Amino acid sequence: MNSADNSSGSLDDWEDDLLRRYPCPQDRQPPNGKQADEFRSYDEAPEHVREFYRLNHQLQTVDVNRAKRDEFLKRDRRTMGIWEAMEFLNTLVDDSDPDTNLSQIQHLLQTAEAIRADGHPRWFILTGLVHDLGKILCLFGEPQWCVTGDTFPVGCRFDASIVYHEFFRENPDSDNQEYNSLYGIYSPNCGLRNVMLSWGHDEYMYNVCQDYLPEPGLAMIRYHSFYPWHSEGAYHHLMDDHDHQMLDYVKLFNPYDLYSKSEDPPDVEALRPYYEELIGEFFPPQLAW
Ligand SMILES: [Fe+2]
Ligand SMILES: [Fe+2]
């Protein structure tokens, strides 16, 4: 992988593991032409996925998250349009995973095309197209543990529903009295917009898109890896009324992300004019990254 960290396997391992944890429902077309049962064939994640979560849960502290925000939300690294960023992300060559046939750009297009095929609004299709562009953090040298993986609030107790919860024993915030109570640094129903989620491609891309997409699209991007919330039902005590509305949109988005992968690669150049026009409808020609 063209990234600072090869130690915990491939970038797509986490997403492959999501399919093990949240298998494709029987009434949907299974991804990659596989049967839904194939994703249920083993109960434990591979060792390198466990290692990825061990690092992620150990290192995602309040202090690290504040530092990452200071470092990356200045967005002083590159200036690119959305399509250019897609091509840049596509340079992320994943040598460590010979099973991955889909490039990053193909995952984005398959997600968007599945949303489009169901007749959803244009902002929703565009949200599918850009939702993982924050993974360019890997190309800025960031290790995988702070780019991908399930997200969760930092600054309050780590909910028991978070995958591999036992690895939080190694996180110093688990022993910090300011952070290890139910509410920690937050207050009841303060709203998720006021909650610091663990750092990764979701939070970064949400910030890049903030001025350009409608609220439901922003929620889909910010919370798409927040599995403890949208799929496990945790953290409702931090939600406000707005979050309850947004949860429905995030749940609507999730199957397009998880289950739109197929062996049939989209024709990138044929689709490009449609998507260039869609991008131009919402985004300026150049963005700061
Ligand atoms: Fe993602
Ligand atoms: Fe995705």
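Arg75 is found in the loop between helix H3 (62-72) and strand E1 (79-80), where helices (H or I, at least four residues) and strands (E, at least two) are DSSP runs numbered from the N terminus. In this predicted model, local features need pLDDT of at least 70 and side-chain atom pairs count only at pLDDT 80 or more, while totals for chains, interfaces and linings use all residues. Residues are numbered from 1 along each chain as its sequence is written, and chains are lettered from A and ligands numbered from 1 in the order in which they are written.

Most residues other than glycine have a negative phi. Arg75, a residue other than glycine, has a positive phi near 50°. Arg75 counts as partly exposed because 13 C-beta neighbours lie inside 10 Å; a residue is buried if 20 or more other C-beta atoms lie within 10 Å of its own, exposed if 12 or fewer, and partly exposed in between, with C-beta atoms placed from the backbone. A positive phi, near 55°, is also computed for Asn189, which is placed in the loop between H6 and helix H7 (201-209). Asn189 is exposed, with 12 other C-beta atoms within 10 Å.

The loop between H6 and H7 also holds Gly191. Gly191 is partly exposed, having 14 other C-beta atoms within 10 Å. Neighbours within four places in sequence being left aside, Gly191 is in contact with Asp240, His242 and Asp243; two residues are in contact if their C-beta atoms, placed from the backbone, lie within 7 Å. Gly191 and His237, 46 residues apart in sequence, are separated by 9.0 Å from C-alpha to C-alpha.

For the chain overall, the secondary structure comprises 11 helices and two strands. The order of elements from the N terminus is α-α-α-β-α-α-α-α-α-α-α-α-β. Of the 289 residues in the chain, 43% are buried. Among contacts between residues at least 6 apart in sequence, 78% join residues at least 24 apart.

Two packed helices are described by the angle between their axes and the distance between the axes. Here axes are lines fitted to C-alpha atoms, for helices over the stretch in contact, and angles run from 0 to 180 degrees between N-to-C directions. Angles under 35 degrees count as roughly parallel, over 145 as roughly antiparallel, 65 to 115 as roughly perpendicular and the rest as oblique.

The axes of H1 and H2 cross at roughly 105° and come within 10 Å. H1 is therefore roughly perpendicular to H2. In this pair, Asp13, Trp14 and Asp17 of H1 meet His48, Val49 and Phe52 of H2. The contact of H1 with H2 has three nonpolar, one polar and two charged residues; Ala, Val, Leu, Ile, Met, Phe, Trp, Tyr, Cys and Pro count as nonpolar, Asp, Glu, Lys and Arg as charged, and the others, Gly among them, as polar. The buried residues of H2 are Val49, Phe52, Tyr53, Leu55, Asn56 and His57, and these pack against helix H1 (13-21). At 1.5 Å a residue, the 13 residues of helix H2 (residues 47-59) should span 18 Å, in agreement with the 18 Å between its end C-alpha atoms; the expected span is 1.5 Å times one less than the number of residues.

Helix H5 (residues 104-117) and helix H6 (residues 122-130) have axes that come within 7 Å and cross at roughly 160°. The two helices are therefore roughly antiparallel to each other. Leu108, Thr111, Ala112, Ile115 and Arg116 in H5 meet Phe124, Ile125, Gly128 and Leu129 in H6. This contact of H5 with H6 divides into six nonpolar, two polar and one charged residue.

For H7 and helix H8 (residues 215-223), the axes come within 7 Å and cross at roughly 155°. H7 is therefore roughly antiparallel to H8. Asp202, Glu203, Met205, Tyr206 and Cys209 of H7 make the contact with Leu218, Ile221 and Arg222 of H8. By class, five of these residues are nonpolar, none is polar and three are charged.

In H10, the buried residues include Asp243, Met246, Tyr249, Val250, Phe253, Tyr256, Asp257, Leu258 and Tyr259. The cover over the buried residues of H10 includes H1, H5, H6, H8 and helix H9 (227-230). At 1.5 Å a residue, the 19 residues of helix H10 (residues 241-259) should span 27 Å, and the 29 Å between its end C-alpha atoms agrees with this.
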